[in-house]
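Let's work through a few exercises together on one protein model. Keep the viewer open, try each task yourself, and then follow the solution.

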Amino acid sequence: MRMLVAGEWVAAGCEIPVHNPFDNSIVDSVPRARAADVERALAFAARGAATMRRMPGYERYLRLKKAAEIMEARADELARTITLEEGKILAEARLEVSRAVTTMTDSAEEAKRLSGEVVPLDGAPGTGNRFGFTIRVPCGVVAAISPFNFPLNLVVHKVGPALAAGNSVIIKPATDTPLSALKLAKILLEAGIPAEGVQCVTGSGGEIGDLICADPRVRKITFTGSRDIGERICKTAGLKKVTMELGSNSPVIILPDADLQKAAQAIASTGYANAGQVCISAQRIIPLQSVYGDLIDALKPKVEAIGTGNPLDEQTKMGPMIRESDARRVEAWIQEAVGAGARLVTGGGRNGAMHAPTIVADVHPDARLSRDEVFGPAVAVTPASSIDEAIALANDSRYGLSAAVFTSSLDAAMRFAREVESGNIHINWGPQWRADLMPYGGLKESGFGKEGPRYAVQEMTELKMVVMHL
């Protein structure tokens, strides 16, 4: 496929192959953008920001709504593209397309809701006969830098609100999974978004990412990805607005009064979807000692029932990881934990990029399998002696994106909600759950700013204060 730069679908002298993670076959190739391509895109986007700003909110609504309708009509094609380039099973790819349609529809609605508020200036002394109100205006050029694991919906979460707010946007998709983003850009143009309003530049983040992020014409960066790359972007960006959706290692506490079968099912569902390559996957399982063995006994058969294989096969329950190198890393972390005294309950095997769904028990909290973000199909189980210790273990992390507790006690649930340092709190389900309209974002080194169309629009606009001196 070609990339979309300055209103044209262009090739480049060097191509990047897009591989199918399951068999490493080449699905397609995309251009490797150069500095000159980035400069063209930035100059075009700067003009596009003025075009989008002038477009009435209702017109933006109509075009984004049309884009959602086209996406829905092409759902099968988009789902197959996601599976081929990312490796998730077709059922999960179809769900991602459905969610992306909803995200785009919600973004369209937000285009009609940009508003300010009356500020009661007479509540301050000496204001006299003055009337104050706020208005929201677009930031200008938005850089949308997306990850590989949700190559359609997480692009829509950035592009939809950016356009709804009246910005122009440059998409920089993940190098491993650019095809879905390119197809989305084509759909947006078909739906009537001006050519200046959306571009999609493909290439290595290390080669073109800094050029985009450092440029002063970019007034807003929205990034989803690793903590280390997020930190690099923040250092590079300079004085501009940024939203960072970064890593996690989500804890799940199981109290003695929990429904263990429900907890086990939730862990199996939220720890291994997309081969565990979800930033809010269940990773650190923390049962209290009295239910520790029973929880593992309930979880083991559910994890062993997750069949792996070709993600295009409707019978497959889990596909490969995005790269063999990532699967090797997960394998190494598991072996390291077991070497330090942990117990392999099930799984642990690897064949290329396909890593078996794995449970590791008796994991020390300082093991990398617990301390860092595994981003793969493995959970680390660590006992706690009390709810106090469980909450302390949950908080003993630099991350804080999503966390869950299983309990029948309202008091315990509310204590968990108040004390656990996480941006998303789940009671009696796993941490990997998200409604696309909700405010979504992390605490600590999991980032800052919120996604969800309504909240992202706030992040992608500037607030002006207007005072009328009557």
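The model is predicted, so local features are used only at pLDDT of at least 70 and side-chain atom pairs only at pLDDT 80 or more, while totals for chains, interfaces and linings use all residues. Residues are numbered from 1 along each chain as its sequence is written, and side-chain values use heavy atoms, with hydrogens and water left out.

**Exercise 1. Check the span of helix α1 (residues 35-54).**

Step 1. Helices are DSSP runs of H or I with at least four residues, and strands are runs of E with at least two, numbered from the N terminus.
Step 2. The expected span is 1.5 Å times one less than the number of residues.

**Exercise 2. Find the buried residues of α2 and what covers them.**

Step 1. Buried means under 20% relative accessible area, exposed means over 50%, and partly exposed is in between (1.4 Å probe, protein chains only).
Step 2. In α2, the buried residues are G57, R60, Y61, L64, A67, A68, I70 and M71.
Step 3. To read such a list, recall that an α-helix has 3.6 residues a turn, so residues three or four places apart point the same way.
Step 4. The cover over these α2 residues includes α1, α3 (75-86), α4 (90-110), α5 (153-164) and α6 (179-190).

**Exercise 3. Where do A6 and F375 lie, and are they buried or exposed?**

Step 1. Most residues other than glycine have a negative phi.
Step 2. A6 is not a glycine, yet its phi is positive, about 55 degrees. A6 sits in the loop between β1 (3-5) and β2 (8-10), and its relative accessible area of 19% makes it buried.
Step 3. F375 also has a positive phi, near 50 degrees. Its place is the loop between α12 (368-371) and β18 (378-381), and at 17% relative accessibility F375 counts as buried.

**Exercise 4. Describe S29 and its surroundings.**

Step 1. Look in strand β4 (residues 26-31), where S29 is found.
Step 2. At 24% relative accessibility, S29 counts as partly exposed.
Step 3. Beyond its neighbours within four places in sequence, S29 is in contact with M1, E15, I16, P17 and V18.
Step 4. Finally, compare S29 with S204: the two are 175 residues apart in sequence and 13 Å apart in space, C-alpha to C-alpha.

Technical notes: Contact = heavy atoms within 4.5 Å.
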